[in-house]
Amino acid sequence: MILRTILGGTALACIAGAGAAQELNALVWCDHTDDALIEPFEQEHGVTVNLREYEGTGAALALLDQSRPGDWDVMVIDGIDVFRAVEAGYLAELPVDELPTGDFFPEVVMEANNVVDGKTYAVTEKFGYNTISFNSDKVDPADMDDLAAVWSEKYDGRLSIYDYYLPVMGLAAIAEGIPTAEIGADNLETIGGTLSDMRARAASVAGVVAAQTALATGEVDIVVGGGEWLTAVLAEERPELTWTIPEQGAVRWAQSIGVVEGSENPDLALEFVKYIVSPEGQARLATSSCFWGMPANARAGEILTDEQKAVLRWDDQPDYLSRTQLYPAPDADLDIEMQDLWLETLQQ
Amino acid sequence: MTGTRAGWGFVAPALIWTLAFFVLPFAVMGAMSLATLDGRTLVWGLSLSNYAELAEKAYLWRAVVVSLEITLTVTALSVLLAYPLAWIIAYRVPERWQRLALLLAILPFWTSYVVRSYAWLLVLSREGVVNQALIGLGLTAEPVTLANTRLATVTGFVHFFVMLLTLTIYANLRQLSPNYRRAAMDLGANAVQTFRHVILPLTLPGIVTGAFLTFVLCIGDYITPQILGGNTELTVPQVIMVQLGRRADFPLASALALVLMALVTLAYLAGARWLRVDRL
């Protein structure tokens, strides 16, 4: 209790004016910190949106654990982790009839993730792929269509692996013909073997900025687990840095947004969610300066320019959506096993 | 009695500060390390299971070894490079230029630590300055892998800590009276003997103090190995971050943090005889 009070106080100190009128406190990913996305909402409603960026669902839930009800109004969360926030009681029910999910790409409405016991707690706002990014001047693009060729001897030392175990292990599973939804303790050994092969060929295991830097500087020619979110912001200056979805398929990521339970500004919070999933908000979020990704709402296509849609591969989405799988959503026990396997592989 | 009260009054701010920002967080971390996670629920208790994981999971133990290897290498290299630099500034640079020389020595401190690490990544990359120079000089036909290695991590660390150690050793050297050297020379000692039997022992407190600071800062650093090491091997702070990021496993992270503190304590005990914080 003492710890909770102290940490809660610290968290409060970090957000000036938390809970004050005309202010909205949002836990977000970096793509929401783009002024081009937030300022139109602030100006329209005459409010200030306080943004707190976080990495990792665990960190966000810990922050909510340490906060008082009402400290936070809106939360962006990994689509596969919505259930964790709902279990912890941190997400409020959304009025589904006020959300434009009818305009969404059907595959990313993701009711299985955003709806719990018949109640909608979050709505998908953006999606993309953890697949293969590469430098088309340095590698044979045809090789990138086969996952086994990507981490073959031919590209020894020329690839980097994205530093997040769930999508990368999902890709390893797909390479072995294991659907991501069927990853379990019984097939981790097989996945671990592929992961080891991948790791043995890799020059580095890198986060977003490091992977972008490695690709841009020629340190590596391939990023396993990359995708449009990695190379789209470089598309204008470095068109040779591109991405593809191999024949075996790839992993699909999705992020959701919801209203935090106990928000002191529930109406304003809902307005923010509605703005983010509106065609205008979606177009701005899709092309955020932090990272690009596909908007969940297909009507954003009416606002995005042809050049932007080309970078996002708008016309290829039906094909991509049909060939990709949502990345693994392990329960707590399997998550520990997967994380252990990942760390063991990195330490090899 | 009044004197006692006044004494408590004087020490109270420091005492409260220490209790609030060291003892209490330390106690919380200690208690947390004995707790467990049941799913996402924190279960307080007196379990040693988090410490047992160190023995059970090879990657955790390996992280401790990697952290120690990197830290000891960095500390040794930093001392070896900083001592001659501090010596040159203290004894070879004219007094009026010493302030400028020190300023130049610590100039890299003025840039962001993260920016400096990324700068090193570019310098060491396959198409970076170092590889271009090696190829240009005909020393290698193909680029050498320098970035995303332990060498890169150590380079980034040493660049930073040489500056720190130069300051502590320089301060120590400047406090030495020149009469010590003169006396040793008068007694027939040559330059090497003077250094070995007079100067070095007298500057040991400055060296050990700087080395201890290097050890403490290096073993707990997350940024440099994360950016320059390329996750080709993991240190303890990197493993701690993984535990917190998705699963929020604060109990295991706390146990690992206490292991780091135990290593720092051992380093302190090893150098306690020579540690002189007043030489900073």
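This is a predicted model: local features need pLDDT of at least 70, side-chain atom pairs count only at pLDDT 80 or more; totals for chains, interfaces and linings use all residues.
I number residues from 1 along each chain as its sequence is written, and chains are lettered from A in the order in which they are written. Local features need pLDDT of at least 70, side-chain atom pairs count only at pLDDT 80 or more, while totals for chains, interfaces and linings use all residues, and side-chain values use heavy atoms, without hydrogens and water.

**Domains of chain A.** I found 13 residues of domain 1 in contact with 11 residues of domain 2 (contact means heavy atoms within 4.5 Å).

**Cores.** A nonpolar core here is a set of buried Ala, Val, Leu, Ile, Met, Phe, Trp, Tyr and Cys residues joined through side-chain atoms within 4.5 Å; buried means under 20% relative accessible area, exposed over 50%, partly exposed in between (1.4 Å probe, protein chains only). The largest one has 141 residues, and A:Met75, A:Ile222, A:Val224 and A:Trp342 are among those with the most contacts inside it. Its largest share, nine residues, comes from helix α12 (residues 250-271) of chain B (helices are DSSP runs of H or I, at least four residues, numbered from the N terminus). Both domains of chain A give this core at least three residues each.

**A:Val224.** Beyond its neighbours within four places in sequence, I see A:Val224 touching residues including A:Trp151, A:Tyr162 and A:Met198.

**Chain B.** B:Val23 sits in helix α1 (residues 2-33), and I note it as partly exposed, at 38% relative accessible area.

Conventions. Helices (H or I, at least four residues) and strands (E, at least two) are DSSP runs, numbered from the N terminus. Domain bounds come from an automatic or database domain assignment.
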